[in-house]
Amino acid sequence: MSPTSDADRTHRLVPSPAGRTHLVEQGEGPLVLLVHGFPESWYSWRHQLPALAAAGYRAVAPDVRGYGRSSKPAAVDAYRLPDLVADQVAVVEALGERDAVIVGHDWGAGIAGACALLRPDVFRAVGLLSVPYTPPGGPKPSEVFAAMGGGEEELYVSYFQEPGRAEAEIEPDVRGWLAGVYAALSADTMPPPNAPDPHFVTRGATMRERFPRGRLPHWLGEHELDVFAGEFERSGLTGALNRYRNMDRDWEDLADLHGAPIRQPSLFLGGSLDASTTWLADAIEAYPTTLPGLTASQLLDCGHWIQQERPEETNRLLIDWLTSLDT
């Protein structure tokens with residue numbers, strides 16, 4: 001069976017605090033939620049759904065609120081982490097389950113971590129891909145990200161803060177922008193170390209000016225790019241970008257959990273060439289304290305899009321970890 005075939009996948013809409021959540025389901029067995037990041041969709045888990053189903057799991061990949069066919073509340077503050085946690089709890093309940101393992105990539109890792117912290121009664125184990133776990137607390141996020149820029153540059157997170165600004169760059173050519181950002185953070189197409197860093201934006205310019213052009217990464221064909229672009233061309237980017245616009249609100253919402261570890265069994269998989277793992281190397285070193293339940297951790301030879309760049313390795317490591325939870 002092709003991993004991109006819909007033959008054995010079920011699409012459905014379930015009620016959620018946002019209104020509705022679109023999800024894609026495959027297989028039977030213990031529930032495993034697969035939560036995507038930015039700028040992706042359920043489709044970023046197309047390789048994992050059939051593999052987990054074949055291994056005896058009920059694999060479910062939702063579209064996060066703001067994406068795809070899920071609801072897209074208009075208010076910016078409707079995208080804070082406690083709301084996104086509530087959406088995942090609603091998915092578990094709508095599927096008739098009492099608990100789940102949750103696995104997240106990129107922003108999905110942040111959502112998965114918050115689910116583990118806020119609802120340990122529902123989420124019995126957590127897998128984090130690409131973005132290491134950092135406990136709530138510390139300096140205000142907007143101040144940290146502002147300090148990472150310089151006089152001539154600003155970090156992409158700061159660039160995303162003003163509603164409408166990034167949308168004005170991306171939405172006139174969604175497909176071209178996505179091709180560029182996917183290439184910029186993939187191992188085989190990322191800019192060389194001496195090139196301008198695509199995580200930063202020259203003040204007064206756009207992100208795409210630092211993206212590589214003319215070649216797609218090995219994991220992304222024209223069809224796959226069409227699928228991703230089609231979703232954002234229908235939905236726009238505002239809902240997805242609003243996740244970044246709530247980081248200070250998250251900091252306030254989770255203040256009572258300052259420094260809190262995730263105690264459930266956990267997994268971390270990162271890319272050795274991904275800035276998320278190099279910039280947050282200290283967070284990985286702190287795992288004995290912050291993830292005391294960590295049972296598997298590995299860096300793969302890839303960039304940021306780990307489950308798409310290295311699907312077979314990711315599937316094997318995920319399944320080995322999931323199997324260990326039940327033994």
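Me: Leaving aside neighbours within four places in sequence, which residues is S158 in contact with?
Reply: Contact means heavy atoms within 4.5 Å. By that rule S158 is in contact with F145, A146 and R165. S158 sits in helix α5, residues 156–159. Helices are DSSP runs of H or I with at least four residues, strands are E runs of at least two, and both are numbered from the N terminus.

Me: What kind of model is this, and how are residues numbered?
Reply: The model is predicted, so local features need pLDDT of at least 70 and side-chain atom pairs count only at pLDDT 80 or more, while totals for chains, interfaces and linings use all residues. Residues are numbered from 1 along each chain as its sequence is written, and side-chain values use heavy atoms, with hydrogens and water left out.

Me: Does S158 count as buried or exposed?
Reply: Buried means under 20% relative accessible area, exposed over 50%, and partly exposed in between, with a 1.4 Å probe and protein chains only. S158 has 19% relative accessibility, so S158 counts as buried.

Me: Which residues does T290 touch, not counting those up to four places away in sequence?
Reply: T290 touches Y133, P135, P261, I262 and A283. T290 lies in helix α13, residues 287–290. T290 is buried, with a relative accessible area of 10%.

Me: How do I read the order of strands in the open sheet?
Reply: Start with pairing. Two strands pair if DSSP finds at least two bridges between them. Here eight strands run in the order β1-β2-β4-β3-β5-β6-β9-β10, with mixed pairing. β1 (10–16) and β10 (294–300) stand at the edges with a single partner strand each, so one side of each has no neighbour in the sheet. Neighbouring strands are turned by 20 degrees against each other on average, direction ignored.

Me: Which strands pair with β6?
Reply: β5 (residues 100–105) pairs with β6 in the parallel sense over six bridges. V103 has G127 in β6 as its bridge partner. On β9 (residues 266–271), four bridges join a parallel partner to β6. There V126 stands opposite S266. Six of the seven residues of β6 (residues 123–129) are buried, so β6 is largely enclosed by the rest of the structure.

Me: What unit do β5, α3 and β6 make?
Reply: Look with the strands pointing away from you. A crossover is right-handed if the path from the first strand over the helix to the second runs clockwise. β5, α3 and β6 make a right-handed β-α-β unit.

Me: At what angle do α2 and α3 pack?
Reply: Axes are lines fitted to C-alpha atoms, for helices over the stretch in contact, and angles run from 0 to 180 degrees between N-to-C directions. α2 (residues 81–94) and α3 (residues 107–118) pack at about 80 degrees, with axes 9 Å apart. That makes α2 roughly perpendicular to α3, a label for angles of 65 to 115 degrees. The contact is made by L81, P82, L84, V85 and Q88 of α2 and G110, I111, A114, C115 and L118 of α3.

Me: What backbone values are found at P39, D106 and S130?
Reply: Most residues other than glycine have a negative phi, and most peptide bonds are trans. The bond from F38 to P39 is cis, with omega near -10 degrees. Phi of D106 is positive, near 60 degrees. D106 is in the loop between β5 and α3. Phi of S130 is also positive, near 80 degrees. S130 is in the loop between β6 and α4 (141–148). S130 is buried, with a relative accessible area of 0%.

Note on methods
Angles under 35 degrees count as roughly parallel, over 145 as roughly antiparallel, 65 to 115 as roughly perpendicular and the rest as oblique.
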